[in-house]
Amino acid sequence: MNTAASAVGSTHVGERVLRNPLLAVVLAWLAVAIVLRETFAEMWRAWGASGTFTHGYVIFPIVIYLLWYRRERWQGLPMRPSLLGVVLVALAFALWLAGSLLHLNVAMQFGAVAALVSAVVAVAGVEIFRAAMFPLLFMFFAVPVGEELVPWLMDFTAHFTVGALNAVGIPVYAEGHLIYIPTGTFSVEKACSGIRYLFASIVLGTLYAHLFYRSTWRRVLFVALCALVPLLANGLRAFLIVILAHVSRNEIAVGVDHLIYGWIFFGFVMLLVFWIGRAFAEPAATEPAGTPAVPTTAASPGWLNPWIALSLVLALLIGMRGAEATLERRDTRATVSSALAQVPAPHSGWTGPITMSSNWQPQFAGPSHVLTAAYLHGAHPVDVALLSYAEERAGTELVNSENRLFDPDHWTWLSERSLQVALPDGQQVPVFAVQVRRGLTRRSIWRIFVVGERAVSGGLAAKFARAQAILRGEDGAGTALVVSAEQTGENAAPEPEVREFLVTYYPQLLSCLRDTPAGSAACAPAP
């Protein structure tokens, strides 16, 4: 008798679990996580590959804790599945699909996280989403994005340090990210940019503002403060490190220990910021459970229940992977056969082609073809490298965060800028220009992205141009054209030689690369 009663009780428990609408949300999240596991795995790898994004490891645990900690806010609300949420899920999947087509990891990762958030709206409804909005939106901090700020942050740190050294009367000379003082030379490297402090401060500040403030203006003001303070603190940190090295004759604050000092200093600054912020906290915002949300009268269509909404999410997920497989089957191979053997014949005033200099090399991941050569303009050599991508796969792309124009272990980044080079026919070619230095040698490196027959203005434009070409049924092949020259005299600049080479050879380079009839007669064997 007791055994039978226990069996009946267990059956009722199982039925209650299956009838629990929140189970549909959990299953939707599991489905997204499993189907898009490669995207989430790439996020995990990015957290570990760069100290910039190590905060990503704690984002999802914080989200789960906040959902449980404030559960009274959403637990008692009725689940009203939303067609708006289904539409948002479709848009999130479309973003992921666009990122897959463009080989743009950040778009895929934003799409994957947006799918998790939108699934809550679709399956649980707008009311529950509003009650749990902060922890759900907090998930977007897990996306590793923002390293594009590093050059700007390095510039700011260098300018701040130079200004502070001038203010205290220490003689200083700066060349890009190199800082010279009487007792030594300092370089503002990526680790000195302060981007780790910036991201950590914004993430912690956002969480702090949510927990200790209720009014929107206080929250926005505090997060803005947490974004501004690391910028100034990192500049002050770099200045103090230079001062410590200066007064100790480079006995302290050099090597790894200056990074340790930096984290100690940053920790002290952030504790001070949070202590000041706590003094202005609103006590009502610190209540553990908060006030339960009041249900609204909005209702979902009668036919739409959590399980049907889950079915729609799963159908969209399957459709998205099917569309991705269809796009991947498109043949994206291009004809770049001449790139292995043909380079432009020399013009009047130029000699070559000869072998490219060996003291620098652009470092790109897995190009289909690589062509290098050099030409002499009088006694001044100009190097050219063409790295072609007939088809792209994950990790081997024309535009990839791991691609480098130079070896950062041997060259110091001085500056960068974008410019336009005017050709004789009136065409404007967009160029990304970099200045680097090694010892007393300064080098100018110019890069142009060419997709099909057209130069594009940058990495994102190259991604979109390739996607458009594939959708039109074209090959979408892309090439990085890299031209470089060294400083030729004490006061000479390398850029005029690079510009002259581009003006003279750019159309012919493309003709030889693509093996067009118009250019084949003007091409010569590669050295």
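Helix 10 sits largely enclosed by the rest of the structure, because 13 of its 18 residues are buried (under 20% relative accessible area, with exposed meaning over 50% and partly exposed in between; 1.4 Å probe, protein chains only). This helix covers residues 195–212 and reaches 25 Å from its first C-alpha to its last, close to the 26 Å expected at 1.5 Å a residue (the expected span being 1.5 Å times one less than the number of residues). Helices (H or I, at least four residues) and strands (E, at least two) are DSSP runs, numbered from the N terminus.

The model is a predicted one, with local features needing pLDDT of at least 70 and side-chain atom pairs counting only at pLDDT 80 or more, while totals for chains, interfaces and linings use all residues. Residues are numbered from 1 along each chain as its sequence is written, and side-chain values use heavy atoms, with hydrogens and water left out.

Taken as a whole, the protein chain holds 16 helices and 13 strands. Its 527 residues include 46% that count as buried. Of the contacts (heavy atoms within 4.5 Å) with a separation of 6 or more, 73% are between residues 24 or more positions apart.

Turning to helix packing, helix 5 (residues 83–102) and helix 6 (residues 105–123) pack at an angle of about 170°, their axes 8 Å apart. Axes here are lines fitted to C-alpha atoms, for helices over the stretch in contact, and angles run from 0 to 180 degrees between N-to-C directions. The two helices are therefore roughly antiparallel to each other; angles over 145 degrees get that label, those under 35 count as roughly parallel, 65 to 115 as roughly perpendicular and the rest as oblique. On the helix 5 side, the residues that meet helix 6 include Val86, Val89, Phe93 and Trp96, and among their partners in helix 6 are Met108, Phe110, Ala115 and Val121. By class, this contact has 16 nonpolar, 5 polar and no charged residues (Ala, Val, Leu, Ile, Met, Phe, Trp, Tyr, Cys and Pro count as nonpolar, Asp, Glu, Lys and Arg as charged, and the others, Gly among them, as polar).

Helix 5 itself has 20 residues, which at 1.5 Å each should span 28 Å, and its end C-alpha atoms are 29 Å apart, which agrees. Its buried residues include Val86, Val89, Phe93, Trp96 and Leu101. At the start of helix 5, a side-chain oxygen of serine 82 reaches to within 3.1 Å of the backbone nitrogen of leucine 84. Just after the helix, histidine 103 takes a positive phi of about 55°. Arginine 80 lies in the loop between helix 4 and helix 5 and is partly exposed, at 24% relative accessible area. Its C-alpha atom is separated by 7.2 Å from that of asparagine 305, 225 residues apart along the chain.

Over in helix 6 is leucine 116, a buried residue with a relative accessible area of 7%. Leaving aside neighbours within four places in sequence, leucine 116 is in contact with Trp29, Val32, Phe40, Phe60 and Met139. One of these, valine 32, is 84 residues away in sequence, yet the C-alpha atoms are 7.0 Å apart.

Trp44, Trp47 and Gly48 of helix 3 make the contact with Gly56, Tyr57 and Phe60 of helix 4. These residues divide into 4 nonpolar, 2 polar and no charged.

Further along, helix 12 (residues 257–279) holds valine 269, buried at 13% relative accessible area. Leaving aside neighbours within four places in sequence, valine 269 is in contact with Val229 and Ala233.

As for the strands, phenylalanine 432 has its place in strand 9 (residues 428–438) and counts as buried at 18% relative accessibility. Not counting residues up to four places away in sequence, phenylalanine 432 touches Leu405, Trp413, Glu416, Arg417, Ser418, Ile445, Trp446 and Arg447. Its C-alpha atom and that of isoleucine 445, 13 residues apart along the chain, are separated by 8.4 Å.

Terms used: A polar contact is a pair of N or O atoms within 3.5 Å; within protein, one must be able to donate a hydrogen and the other to accept it, and residues adjacent in sequence count only if both atoms are side-chain atoms.
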